[in-house]
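This report goes through one structure part by part. Keep the sequence and the 3D view open while reading.

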Amino acid sequence: MGIRAEHVGRSIAGRSVLEGVSCEIADGDFAVFLGPTGAGKTSLLRMLAGIDLVDRGAVYYDGQDMRGVPVRNRPIAMVYQQFVNYPSLTVFENIASPLRAGRQGLSAGEVTARVHEAAELLGLAGVLTHRPSEISGGQQQRTAIARALVKGAKYIFLDEPLANLDFKLREALRGELKHLFRKRGGAVIYATPDPVDALSMGTHVGMVLDGRLVQYGAARAVYDAPATVAVGEYFSYPAMNVVDAALDAQGTLRLSQSLVLHGQPEAPPGRYRAGFRAHALDLVRRSTADAALPATVQLSEVVGSDTEIHVRHESLPLTVLTEQVRRFDAGEAIELFLNPAEIFLFDADTGKLAGRFAASMAVEAH
Amino acid sequence: MARIELDNLSHAYGTDASGAGFAIQRLNLCWEDGTANALLGPSGCGKTTLLNIISGLLRPGGGRVLFDGVDVTGKSARERHIAQVFQFPVVYEAMSVFDNLAFPLRNRGVAESSIKPRVNDIAELLGLNGLLQRKSKGLTPAEKQKVSLGRGLVREDTAAVLFDEPLTIIDPKEKYDLRRSLRDVQRALKMTMIYVTHDQHEALTFADRVTVMKDGAIQQTGTPDELHRNPATPFVGFFIGSPGMNFFDVEFQNGACSVGEMVVPVACANAGPARLGIRPEFVEVREDAAANCLHCRIRVVEDTGVYKVLTLETESQQLKARVPERFAPAEGAAVWVWFREEALRIFPAQGEARP
Amino acid sequence: MADWFTHHLGWMYWTWQSALFFGAIMASIAVLTVLDLRQPSVPRKGWLPIPTTRGDRLFLAIMSAIGLHLLWLGLAGAAWVAGASVLSAFLAVAIFWKG
Amino acid sequence: MKKRYFLLALYFLLLFAPIYWMLITSLKTDSEILAEFTLFPKQITFEHYREIFGSPEWRGSFANSLIYVTLNVLITLAVAIPAAYAFSRWSFRGSHHLFFWLLTNRMAPAAVFMVPFTELYYAMHLFDTHLAVALAHCLFSIPLAIWILEGFMSGIPREIDETAYIDGYSFPRFFVKIFFPLIAPGVGVSAFFCFTFSWVELILAKALTVTEAKPIVVTLTAGIGAEGVKWGLLSAAGVLTMIPGALVVYFVRNSMAKGFSLGRI
Amino acid sequence: MRQHPWLFLFPALLIMSISAFVPMMTVVNYSLHNIFAGSSPEFVGLENYAAVLSDADFRGALVRQLFFTVTILLIEIPLGVLLAHAIPHRGSGMALSLVLLGIPLLIPFNVVGIVWRLFAQSDIGVIPSLAALAGYDYNVSLHAVDAWLTLVALDVWHWTPLAALLAFSGLQAIPPAYYQAAAIDGASTWSTFRHVTLPRLRPVLTIGVLLRFMDSFTIYSEPLTLTGGGPGNTTTFLSFLIARKASSYELGYAGAASIIYLYIVIVLSYVFFQLLSGKQGATAR
């Protein structure tokens, strides 16, 4: 059982914001909808939650059609990107509000106990008597999360809950959220523009692009087989390198003048767009199959404990992710190694995934 | 362009008796002429205050600001020939983009004939050439911010260009282009630039030398590599790098110490309490029990696509470890860890608390 | 009926001419509402200085018709006031068609 | 710096000169008012105030004003709060036009409605009642209140409403427990402006009342223009009419600044 | 979520329709008929309008009205901006200034008239006494110029605080970064005012102009108490004229004049409203 959406669509002022979305989120899933700003993830979340009306299609909870069921009667909780709390209530009262507003009939003692439990879990025990305006942004968002948790709702929706937080706080809360929401009875539905969030938190990932759900499936499966070049580009950090390439009948892939690879392609000969993620390139040879290519550094960026190097190989702009903190100067010549097992072949016209370039060498999916 | 020195600088907003109201405390710093620098720290650490003191928008409570050795503490922003770009876009909305970019030049009486090429150059650099005739009111926030950046870069006679988290509102894709443009300009014109941010990516990417600040005091100044490899304080260790450094409170006895049941093979001359720091990259994790390892349980596994970050718990505390993609054990599994000796860092116990 | 009317609404001084006038305005608002329900009007930008929907254009047409009549009366007096009506009609067409 | 404050001080001096003059006139004896020009009363007298409090006409018209003003504020808030909520939360067909139409009523000159209102309330058998004046003033106070309240409500994110529904609040409970405390300053400001408007409005109040509901503003103006105006009495009454406004502003003083910054007054 | 806007709007619309539509139609009916008490109305088309528009009294009142409104707008708005700059930006000085400024706004309009009548009355007022010292014979009920100046002074006295308060809140809302940027760009004081302050004040100033236009265009109580419309007709404004005609039961004239009056108010308000919504989306929806 869980949430099922069938051909869901919605228009605002005659313009469609979301079209033909179908997916099934089972109980126990942590479903992440990934997509750029304005793609329609928030709309999708709001429709699944019932905050916005569905213009077309239907949403089912546990097999029951939810059209016409008002939000207050649904087993849901929601956390917004903006820190939404009741400004006139204290943190304690905020967390207690779903317990008091509903018809759960809890005694005052039970309410207090459950609020304290949630507050403890989220490190809010010290600020329970404060008002939301008196605590930090991180604490405000934790309050909103505690309110969602304490309700015990079957389905919890989180709309970019970490987007407005500082980098370090985001890093810490990401792991915590995953831990908090694990092993609950229902499902978690989470929207984010950050591909790392999607992969590290989600059991399932839905890629939303231009008002459509382009691909939905187990997180790792989507990551290892992006349906289109657009999914591949977005669901990678840094963005996937995409290069026009030609594959001949002998299984030889020509990416540039000097970069020619041999493999056992899953696709027939023809013209392709070859995609490989930044970490498929490295500064050291990791296996004998790796192909070497010369490149010139354009810019190097330190990302956490890694370095992202933007380079040019012949006329192709490529991005490399290497696991160390190092500074490269612009214009510096370096040698890179490309792992052919990590090359995806996308159809040159439709952008659809045709297959891996070196299937036998592909890393096994987790 | 100038070399900028801060000499024993202090500044307080609301001074209370305890001195806790200090925004900046007795600070000494020097930025060499023509270098790209960053000031990195969490919000509220005093970096914007410091920037405003350098540009002359704020008079410091104590200490001096020197440009090329000349004391400019009492001079106004205009006299210092400083350019500054703010966190949120500041455009003169009634003017066109061109007039906005020309404004700092016109105010200083630059001839119209030399304004035009200069404005066009800057517009080209920032990708604003198509917008020059537009009213700046209708621009998107990102475009407005580029106009602000342009006004900061348009003057050639500035002593330094200061940036106060200028890319906060720019899209990630464009951030990269703008960062590169800024670096290119800096390299080409050998400008002295100071870039303030709370985002370690931006600081470490933009600057040759990064200064980490906390609570109005300098923690460390160095190249990105130095900061990452040899943090001077636990704060730097935690703040730089992702995830940040792990810390353990330990007691040294006979030149060694232990974390839980694991004896850490690190030499330290001083006996007594200390803090041990290790980056998650150097926490080694194995699935089977081994001698002298720390027994942990996996609390959370986060897959980034390139590596996995494990949050581990021992009896008494949590730590993070970074492991390769192929690492199989799932959440809840028992594992054993040890630390790579060469990566261990020792900090005094009386250092500041981890945030 | 007529008695009730005179008794309760007599103070409003209705005649069939004024009833016709208000009837016409009500009818045009009603027609527009029905049209808008069937096919929502999207604001568009024509020769008028602001983007307008159908409703805006009706408002502007009525207001400019009143204005033209008042102007005519003020400048030329009551004679040939039908001229103002003709001008208003042309203006209304222009506003609805290309406004 | 100095020049700025000098300007301000000078302005305040000019601002208070007329008020001061009225105040001292109300404290002077009639003979002193007419006989000589004095900046401070030679002999302070409260006889004018005593006369007002002793006169049933003055007392009655004070009471009449208070009654219909209170009625007006209550009716206005009761209908304006839900209407403002609709405007701030939903964009529905014709909402813009409706909003503008409402505002034009605020702009309409009261003189235009003088005769038809008289006829209307005659027909409704409400002429010369407090309710008539209160309802007539609603024409101006409702749009004003909707405008002010809409501004305050738009400042409260819709997500608060949604969160409340998700938490399980019914609409009435949400409105009373969560929403109302948040817009309370706006309600205060609207009440204040409805109050002042109704308290000072003259044309309609004069046209709709004869004796039963005759308000203070009419009683005040009645004596003007005639020969032998009782200046002392008039000043004292003027001073007294300023008091309720001052009291109301005292209660909503904290919300005023916010109302001003929203630009809705 | 389902939306029930009309349910929420119903009570307000009901009252507004009765209070606005019915009288409005009645006024239009007045304007289209010749009405004599006791007999049925005679439809006369636009005759009343022609009569009103060619009436010297009406034209005079209209011109005076426009002139008055423009005059006070030209004084009150700039003076308000000037005052707003003079108000301290924080602390108790600010609070005190704001409260003091607000006081005239709270005085009933006809009391304002009385205050100024006392101030300007020829036998008991301050102004005549001071003017006499300067050798000027000041008399509101005899000299049109004196009456005008006093009326303008009254309105400026009464309403400049509103402009000042609005401008002050507008000034407070300008982020300091704008002034810092101007300082760094080397802008002069005037240039800063012209390019930073003024454009940012525009929305609040437009609101100020709109409010002051609306209220000064419908001014009634103050001239009634201060000058009674005189001397002669020199301070007779539109509201005054219409109220006078209606009181003498010239309903056709009063109705036509009302409609013309209302038309001007609505057109100008519409223009301001459009300016406002164009410049500041949030306010005008």
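## A salt bridge within chain B

Lys47(B) and Glu165(B) form a salt bridge, and their closest N and O atoms are 3.5 Å apart. Lys47(B) belongs to helix α1 (residues 47–55) of chain B, while Glu165(B) sits in the loop between β7 and α6 (172–189) of chain B, so the pair ties together parts that are 118 residues apart in sequence. The model is a predicted one, and the distances given here are computed from it.

Are the two partners buried or exposed? A residue counts as buried when its relative accessible area is under 20%. Lys47(B) has a relative accessible area of 4%, so Lys47(B) is buried. For Glu165(B) the value is 8%, so Glu165(B) is buried too.

## Strand β7 of chain B

Strand β7 covers residues 160–164 of chain B, and five of its five residues are buried, so the strand is largely enclosed by the rest of the structure.

In a regular strand, side chains alternate between the two faces of the sheet. In β7(B), Ala160(B), Leu162(B) and Asp164(B) point one way, whereas Val161(B) and Phe163(B) point the other way. The residues of both groups are all buried.

Which strands pair with β7(B)? One is strand β6 (residues 82–85) of chain B, which pairs with β7(B) in the parallel sense over four bridges. Within this pairing, Ile82(B) has Ala160(B) as its bridge partner. Another is strand β8 (residues 193–197) of chain B, which runs parallel to β7(B) and is joined to it by four bridges. Here Phe163(B) has Tyr195(B) as its bridge partner.

## Other salt bridges

Over all chains, the structure holds 51 salt bridges. One of them joins Asp303(B) to Arg220(A), with the closest N and O atoms 2.7 Å apart. This pair crosses between chains: Asp303(B) is in strand β16 (residues 294–303) of chain B, and Arg220(A) is in helix α7 (residues 219–224) of chain A. Both Asp303(B) and Arg220(A) are buried.

Within chain B, the side chains of Asp215(B) and Lys214(B) also meet in a salt bridge, at 3.9 Å from N to O. Lys214(B) has a relative accessible area of 14%, so Lys214(B) is buried. Elsewhere, salt bridges that share partners join Arg220(A), Asp224(A), Arg356(A), Asp303(B) and Glu325(B) into one network.

## Where chains D and E meet

Seven pairs of chains touch, and the pair with the most contacts is chains D and E. On one side, 90 residues of chain E take part, and they are in contact with 87 residues of chain D. The area buried between chain E and chain D is about 7,700 Å², and carbon and sulfur atoms give 80% of that area.

How many salt bridges does the rule find across the interface of chain E and chain D? The count is zero. Across this interface there are three residue pairs in polar contact, with both residues at pLDDT 80 or more. Helix α1 (residues 5–32) of chain E gives the largest share of the side of chain E that touches chain D, with 20 residues. By class, that side of chain E has 64 nonpolar, 22 polar and four charged residues.

Some other pairs of chains do not touch. Chain A and chain C do not touch, and their nearest C-alpha atoms are 8 Å apart. Chain B and chain D do not touch either, with their nearest C-alpha atoms 18 Å apart.

Chain A has eight helices and 21 strands. Its C-alpha atoms fill a box of roughly 75 × 45 × 40 Å along the principal axes. Of the 366 residues in chain A, 56% are buried. Among contacts in chain A between residues at least 6 apart in sequence, 65% join residues at least 24 apart.

Chain D has twelve helices and zero strands. The C-alpha trace of chain D spans about 75 × 60 × 30 Å along its principal axes. Of the 265 residues in chain D, 65% are buried. Among contacts in chain D between residues at least 6 apart in sequence, 73% join residues at least 24 apart.

Note on methods: Residues numbered from 1 in each chain as written. Chains lettered and ligands numbered in written order. Predicted model: local features only at pLDDT ≥ 70, side-chain atom pairs only at ≥ 80, totals over all residues. Heavy atoms only, no water. Contact = heavy atoms within 4.5 Å. Buried < 20%, exposed > 50% of the residue type's maximum accessible area, 1.4 Å probe, protein only. Helix = DSSP H or I, 4+ residues; strand = E, 2+ residues; numbered from the N terminus. Pairing = 2+ DSSP bridges. Buried area = accessible area lost by both parts, 1.4 Å probe. Salt bridge = Lys/Arg side-chain N within 4 Å of Asp/Glu carboxyl O. Polar contact = N/O pair within 3.5 Å; in protein donor to acceptor, adjacent residues only side chain to side chain. Nonpolar A, V, L, I, M, F, W, Y, C, P; charged D, E, K, R; others polar.
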